[in-house]
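Q: I am new to this structure and would like a close look at a single part of it. Please begin with the wider setting, and then describe that part carefully.

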Amino acid sequence: GSKKSLFYVLLREHGSQEASRCMNRLAKLSANYMGERGFSIGVDDVTPSAVVEGFKAGLVKDGCAIADKNIDAFNRGRLELKPGCNALQSLESELTGVLGKVREAAGKMAMEKLPWENAPRIMAECGSKGSTINISQMIACLGQQAVDGKRIQNGFVNRTLPHFKPDSLYPAAKGFVANSFYSGLTATEFFFHTMGGREGLVDTAVKTAQTGYMARRLMKALEDLSMHYDNSVRNSESTVVQFTYGDDGLDPASMEGDDRPIEFPRVLKHILNTEPDEARNMLSPPQLREKIRCALAGKDFQSLLPAGRQFLDEVQEFLEMRAKELESMYEAFELEESEEEEEDE
């Protein structure tokens, strides 16, 4: 899971026993709560309001109008070409972008208008099942269907389906689905949607085999590498592959937050809550910067630094940000740094 999650932090900070205790207690609490309250989903949860329907209709109308304008410019040979593309490629790129934004905007609007107690929204936000895209497809619109990363290509003689005119480039003829699952799909929209869905199923089946074989090849290639007590990485013949593991000596399993050695905001919040300053001796920005400089230059801190300057730069950047926040607080409350320093002396 995420390295910012509750259980990951508990596991790293307090050990596996505390993490499992918390997990068990939370599971029992959740099961009892669900047993008392219940949780269900129905058609009412995905019924769009009049505001959402009106907004979606406007978006689809505007998007199709822009698409029609671009197609007309293409037919008259006046479409602006994109770098490295011919006229048709430029048109397809432009239409894909325009029609993609229609679904994004409609989905965003639908999510904003859903109340916080809406069941699909709860499931999407807490991560139990589904996503915002699923909800937007149920309520707003399915948007542009794609096969091989492009709009639906011609499968019959110069057209996608016999329902459309030959060489038609308009959104509906190339796989744009304006309806949602709630409003219901037309026959052509349903067919285009199944084309996109089938590609997803085939991809899943094929990629399972490809990624499995790729993982096996990697494991066979790297199976004799190990990290030695001098922090170097060597193979079975003791040939050095890396002088320092990963070039920085950091263990990926011990990383925090966004794969960095320490998640500074969380650590600071933890210290402020567990070690309160009862004396209330607030440092002025110059005093804070001086203490930071002395601490970072000290032998104790320098001995802990990994190889390279990146971690040191991150520490300095975070602490400087805190000093600037303190400065802005002094300015907001019109405190004078010199007076504070005299009082401290």
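A: Domain bounds here come from an automatic or database domain assignment, and for this protein that assignment gives domain 1 (6-37), domain 2 (44-202), domain 3 (225-253) and domain 4 (264-333). The model is predicted, so that local features need pLDDT of at least 70 and side-chain atom pairs count only at pLDDT 80 or more, while totals for chains, interfaces and linings use all residues. Residues are numbered from 1 along each chain as its sequence is written, and side-chain values use heavy atoms, with hydrogens and water left out. Taken over C-alpha atoms, the centres of domain 1 and domain 2 are separated by 41 Å.

The part to look at closely is a pair of helices (DSSP runs of H or I, at least four residues, numbered from the N terminus): α3, residues 50-75, packs with α4, residues 87-113, at an angle of about 175°, and their axes lie 10 Å apart. Because of that angle, α3 is roughly antiparallel to α4, a term for angles over 145 degrees, on a scale from 0 to 180 degrees between N-to-C directions, with axes fitted to C-alpha atoms over the stretch in contact. In the contact of α3 with α4, 20 residues are nonpolar, two are polar and three are charged, where Ala, Val, Leu, Ile, Met, Phe, Trp, Tyr, Cys and Pro count as nonpolar, Asp, Glu, Lys and Arg as charged, and the others as polar.

Methods. Helices (H or I, at least four residues) and strands (E, at least two) are DSSP runs, numbered from the N terminus. Angles under 35 degrees count as roughly parallel, over 145 as roughly antiparallel, 65 to 115 as roughly perpendicular and the rest as oblique.
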